[in-house]
Amino acid sequence: MLKMTTEATVRSFFSSPQFAVVGASTNPAKFGHKVFTWYHAHSLPVTPINPASASIDTPFGTHATVKSLAELPDPTHTSLSVITPAPVTLEVLREAKKLGIPAVWLQPGTWDDAVVKFARDGGEDGYAGAVVAGDGGGGHGGWCVLVDGERGLRAAGKL
C-alpha cells in the first residue's frame with residue numbers, strides 16, 4: 001500500500017530536531033546548494049552531506065561536510081532532504097532505513113519508479129519512515145522544501 005504525502009507528513013518531517021542535506025552542493029546555482037542554504041536561512045541545524053567536498057560556503061558561513069549518512073552524529077533524530085539522481089537516491093534510502101532516519105524529503109527530480117516503490121512501500125521491503133515526495137505541494141515538480149518548507153515549519157511550530 002502506498003503512503004501518500006500529506007501536510008501531516010510534512011509536519012512530521014519538520015518535527016525532527018536536526019536535518020541533513022544529501023547532495024548539498026558547493027555550486028550556488030544548484031538546488032543542492034539552494035536547499036542547504038534554505039535550512040540556514042530558517043535557523044535550522046543542518047549537516048551537508050557531500051563526499052567530494054570538505055566544506056560548503058553559504059551567505060551564513062563555511063560549513064564542514066560529512067561524506068556519508070553514517071557520519072551523521074545522531075541519525076535517529078535527523079530528517080533528511082535528498083537532492084541526488086534516482087539511482088543514488090535509492091541507495092541513500094536503503095542507508096537511511098538501516099540507520100533509523102525517521103523522515104526523508106525527496107526533492108523533485110530525485111526519484112524514479114524504483115525509488116518511489118521503496119520509499120512508499122514501508123515494512124521489511126521498503127523505507128519505514130515518513131516520506132515527503134511526489135505530486136502535490138505548491139511547486140510545479142511536486143513537493144519541494146524551497147516552496148513548501150515554510151508552511152511545514154509553521155505546522156510543526158518552528159516558524
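Colleague: What does the model rest on, and how are residues numbered?
Modeller: It is predicted: local features need pLDDT of at least 70 and side-chain atom pairs count only at pLDDT 80 or more, while totals for chains, interfaces and linings use all residues. Side-chain values use heavy atoms, with hydrogens and water left out, and residues are numbered from 1 along each chain as its sequence is written.

Colleague: In what order do the strands of the open sheet stand?
Modeller: Helices (H or I, at least four residues) and strands (E, at least two) are DSSP runs, numbered from the N terminus. Two strands pair if DSSP finds at least two bridges between them. The open sheet has 5 strands with parallel pairing, in the order β2-β1-β5-β6-β7.

Colleague: Which strands stand at the edges of that sheet?
Modeller: A strand with a single partner has one side left without a neighbour in the sheet, so the partner count decides it. The strands in this position are β2 (46-49) and β7 (130-132).

Colleague: Is strand β5 buried or exposed?
Modeller: Buried means under 20% relative accessible area, exposed over 50%, and partly exposed in between, with a 1.4 Å probe and protein chains only. In a regular strand the side chains alternate between the two faces of the sheet. T78, L80 and V82 point one way from β5 and S79 and S81 the other way, and all are buried. With 5 of its 5 residues (78-82) in that state, β5 is largely enclosed by the rest of the structure, so the answer is buried.

Colleague: Which residue of β6 stands opposite L80?
Modeller: β5 pairs with strand β1 (residues 18-22) in the parallel sense over 5 bridges, and V82 is the bridge partner of V22. β5 also pairs in the parallel sense with β6 (residues 103-106), over 4 bridges. There, L80 stands opposite V104.

Colleague: What is the bridge partner of V104 in β7?
Modeller: β6 and β7 run parallel and are joined by 3 bridges. Within β7, the partner of V104 is V131.

Colleague: How do the axes of α1 and α5 cross, and which word describes the angle?
Modeller: Axes are lines fitted to C-alpha atoms, for helices over the stretch in contact, and angles run from 0 to 180 degrees between N-to-C directions. The axes of α1 (residues 7-14) and α5 (residues 145-155) come within 8 Å and cross at roughly 80 degrees. Angles under 35 degrees count as roughly parallel, over 145 as roughly antiparallel, 65 to 115 as roughly perpendicular and the rest as oblique. The pair is therefore roughly perpendicular.

Colleague: Is D148 buried or exposed?
Modeller: D148 is placed in helix α5. Contact means heavy atoms within 4.5 Å, and D148 touches W105, G137, G138, G139, G142 and W143, not counting residues up to four places away in sequence. Its relative accessible area is 1%, so D148 is buried.

Colleague: Which residues form the covered face of β3?
Modeller: Strand β3 (residues 55-58) forms a hairpin with β4, with 2 residues between them. The two strands pair in the antiparallel sense over 4 bridges, and H63 is the bridge partner of I56. S55 and D57 make the uncovered face of β3, and the covered one is I56 and T58.

Colleague: What separates the C-alpha atoms of G141 and P108?
Modeller: G141 lies in the loop between β7 and α5 and touches P108 and W111, not counting residues up to four places away in sequence. G141 and P108 are 33 residues apart along the chain, and their C-alpha atoms are separated by 5.5 Å.
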